Amino acid sequence: MTSGGLVSIEPQELKFPFELKKQISCSLQLSNKTDNYVAFKVKTTNPKKYCVRPNTGIVLPRSTSDVIVTMQAQREAPPDMQCKDKFLLQCVVAGPGATVKDITPEMFNKESGNQVEESKLKVVYVSPPQPPSPVPEGSEEGSSPRASVSDNGNVNAPEFAAVSRAHVEPQAHISRGYGESQDKASEAKALISKLTEEKNSTIQHNNKLRQELELLRRQGSKSGGGVPFLYVVIVGLLGILLGYLLRKT
């Protein structure tokens with residue numbers, strides 16, 4: 001705690017848990033140790049980098065006031081996480097019942113003979129808090145899980161169990177995929193076999209029709225007449241049907 005004649009400051013340094021591309025805030029608490037109204041003003045060596053709320057104010061007698069300092073999001077970390085930025089807190093006794101509207105720049109001007117109390121604060125970057133690591137089931141708190149050996153000499157460890165599950169699950173997926181591929185191949189073979197049988201049957205039927213047509217032609221030539229028109233129509237329709245079936249297969 002930084003302590004002056006007018007106010008005490010907590011903490012003594014501005015500590016920011018540094019993270020890239022993220023706004024970070026920290027707070028200061030000013031405690032008025034006197035029975036007077038105290039006006040304060042906060043300055044920094046890098047005003048574009050920080051936002052201070054409030055940057056000026058009044059601390060009532062024997063009371064406290066909080067100041068929030070926000071660092072803008074940074075795109076890159078400084079070398080060795082060292083920061084050279086500094087803050088200056090100026091305090092001066094104000095008149096009884098003073099408010100923020102009564103604060104003027106001249107109040108903090110030493111050349112005017114005002115008694116100005118100044119406190120310098122450094123900026124420190126700290127690592128952000130890490131989330132607590134989960135404690136594995138069956139292990140003692142504060143100790144890492146250890147492998148145990150059973151009576152038959154087998155090793156029982158959480159690491160080995162996790163590795164085993166990781167290897168078995170992909171094998172199960174491969175087996176299911178292989179079985180599905182075999183089923184699809186069997187269905188395709190059955191469909192091809194069925195289409196082949198239908199094609200052969202159609203060809204045989206066509207040959208039979210041709211033989212019957214040839215027989216009718218011979219009988220017609222013997223009888224001295226032509227082939228009946230009905231037979232010609234029937235044979236033509238069957239030929240069209242046969243050609244459609246052959247193209248489909």
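**Briefing: sheet, aromatic pairs and a surface patch**

V233 lies in helix α2, which covers residues 229–248. The model is predicted. V233 also belongs to a nonpolar surface patch, and an open sheet of 5 strands is described below together with the aromatic pairs.

**Surface patch**
- The patch consists of V233, L237 and I240, whose accessible area together is about 290 Å².
- V233 has a relative accessibility of 33% and therefore counts as partly exposed.

**Open sheet**
- The 5 strands follow the order β3-β10-β9-β5-β7, and their pairing is mixed.
- From one strand to the next, the twist averages 25 degrees.
- Strand β5 (residues 37–44) runs antiparallel to β7 and is joined to β7 by 4 bridges.
- Within β7, G57 stands opposite F40.

**Aromatic pairs**
- The count of aromatic pairs comes to 3.
- F18 and Y125 form a tilted pair, at 4.8 Å centre to centre and with 40 degrees between the planes.
- F18 is in the loop between β3 and β4 (24–32) and Y125 is in strand β10 (residues 117–126), so this pair ties together parts 107 residues apart in sequence.
- Both F18 and Y125 are buried.
- The ring centres of Y50 and F87 are 5.0 Å apart with planes at 75 degrees, so this pair is edge-to-face.
- Y50 in strand β6 (residues 50–53) and F87 in strand β9 (residues 86–94) are 37 residues apart, and their pair links distant parts of the chain.
- Y50 is buried at a relative accessible area of 7%, and F87 is buried at 3% relative accessibility.
- One aromatic cluster is formed by F16, Y50 and F87.

Methods: Residues numbered from 1 in each chain as written. Predicted model: local features only at pLDDT ≥ 70, side-chain atom pairs only at ≥ 80, totals over all residues. Heavy atoms only, no water. Patch = residues over 30% accessible without salt bridge, like charges linked within 9 Å, V, L, I, M, F, W, Y side chains within 5 Å. Areas by Shrake-Rupley, 256 points an atom, 1.4 Å probe, with all protein chains shown as cover. Salt bridge = Lys/Arg side-chain N within 4 Å of Asp/Glu carboxyl O. Helix = DSSP H or I, 4+ residues; strand = E, 2+ residues; numbered from the N terminus. Buried < 20%, exposed > 50% of the residue type's maximum accessible area, 1.4 Å probe, protein only. Pairing = 2+ DSSP bridges. Axes fitted to C-alpha atoms, helices over the stretch in contact; angles between N-to-C directions. Phe/Tyr/Trp six-rings, centres within 6.5 Å; stacked < 30°, edge-to-face > 60°.
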